Amino acid sequence: PGGPTTTKRGVTTTTKPGATTTTVPDDGVHDFAATPAPLIPAAASDPLFHAALTVDDDIRNVAIAKADALRALARSRTAARTAASAATTYRRADGVDRRAIAELERLRASLRAAAMHAYTGYGSQETVLDSPEVARAETVLPYRTYVEVTITEATARVAAADKARSRTKVAADAARAKHRSAAAAAAAAAAAQRTAAADLKADEQKLKEDRKALDDLIASMP
């Protein structure tokens, strides 16, 4: 009597008491590559058997090549989708970085304008004292304080924008590197897929030729 019966992905095995078994998962596809190729006798010893086994070996090789081509195609498509996603991420990160650069330059220009206004224009002490509107002592001090506060705030905004731009640059650089890596992987996967497709085509052509040779041999027999 057998031992316990187990089923795993379509494969049912019965274990004898005290014995152990190894269950090979069944993925629904025969692994031709794991099947030993037949030993083909020399054509001189048995031409018909030689031709028949050659065709059988060709069929096996085509099945292997087809499975390889399908796997290569799946990998190529996955790599292409990954590269496209990485490209989108990089474009977004680069756009954010460009906007951060523009904002930083705008704030720097504003700070330069404030400094010019404070020290070479209306903000200079001589100009303030000569101005009728702000000539009184009680007006000069608040005005100078206002100018100093304005420059301090502008400087703080520039510093904050500079830090923000540093962060966007790091993000953009990382996205760029990831995009380049994904693009290179996609190109390699596409090249492998083309090679696998060419191998399949060559194997199919050989099968066609060997099958015709077998048919011709059978037709020539008495």
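A salt bridge is a side-chain nitrogen of Lys or Arg within 4 Å of a carboxyl oxygen of Asp or Glu. Keep that in mind. The structure on screen holds eleven salt bridges.

Some ground rules. This is a predicted model, where local features need pLDDT of at least 70, side-chain atom pairs count only at pLDDT 80 or more, and totals for chains, interfaces and linings use all residues. Residues are numbered from 1 along each chain as its sequence is written, and side-chain values use heavy atoms, with hydrogens and water left out.

So, confidence. pLDDT is the predictor's confidence in each residue, from 0 to 100. For the protein chain, the mean pLDDT is 80. In that chain, 68% of the residues reach 70 or more.

Which elements have the lowest and the highest mean pLDDT? Strand S2, residues 11-14, has the lowest, at 41. Helix H1 has the highest, at 94. Helices (H or I, at least four residues) and strands (E, at least two) are DSSP runs, numbered from the N terminus.

Two stretches need care. Over residues 1-27, pLDDT stays under 50. The model has 29 contacts beyond four places in sequence for residues 1-27. A contact means heavy atoms within 4.5 Å. Over residues 122-129, pLDDT also stays under 50. There the model has 19 such contacts beyond four places in sequence.

Back to the salt bridges. Take Lys206 and Asp58. Their closest N and O atoms are 2.9 Å apart. Why does this pair tie together parts that are 148 residues apart in sequence? Because Lys206 lies in helix H3, while Asp58 lies in helix H1, residues 47-119.

Is Asp58 buried or exposed? Asp58 is buried, with a relative accessible area of 3%. Lys206 is partly exposed, at 40%. The cut-offs: buried means under 20% relative accessible area, exposed over 50%, and partly exposed in between (1.4 Å probe, protein chains only). There is a further partner here. Asp58, Lys206 and Asp210 are linked in a network of salt bridges.

Now two pairs within helix H1. In one, Asp68 and Arg71 meet at 2.6 Å, N to O. They are three residues apart in the helix, so about one helical turn separates them. Asp68 is partly exposed, with a relative accessible area of 34%. Arg71 is partly exposed too, at 45%.

In the other, Glu103 bridges to Arg106, with the closest N and O atoms 2.8 Å apart. Both lie in helix H1, three residues apart, about one turn of the helix. Glu103 has a relative accessible area of 33%, which is partly exposed. Arg106 comes in at 48%, also partly exposed.

On to the surface. Which residues form a nonpolar patch there? Leu48, Ile218 and Met221. Together they have about 250 Å² of accessible area. Such areas come from the Shrake-Rupley method with a 1.4 Å probe; for residues, only the protein chains shown count as cover. Patches are made of residues with over 30% relative accessible area and no salt bridge: like charges are joined within 9 Å, nonpolar side chains (Val, Leu, Ile, Met, Phe, Trp, Tyr) within 5 Å. Met221 sits in the segment after helix H3, residues 137-220 for the helix. Met221 is partly exposed, with a relative accessible area of 41%.

Last stop: Ala185, in helix H3. Ala185 is partly exposed, at 41% relative accessible area. Ala185 and Arg75 are 110 residues apart in sequence. In space, they are 9.9 Å apart, C-alpha to C-alpha.
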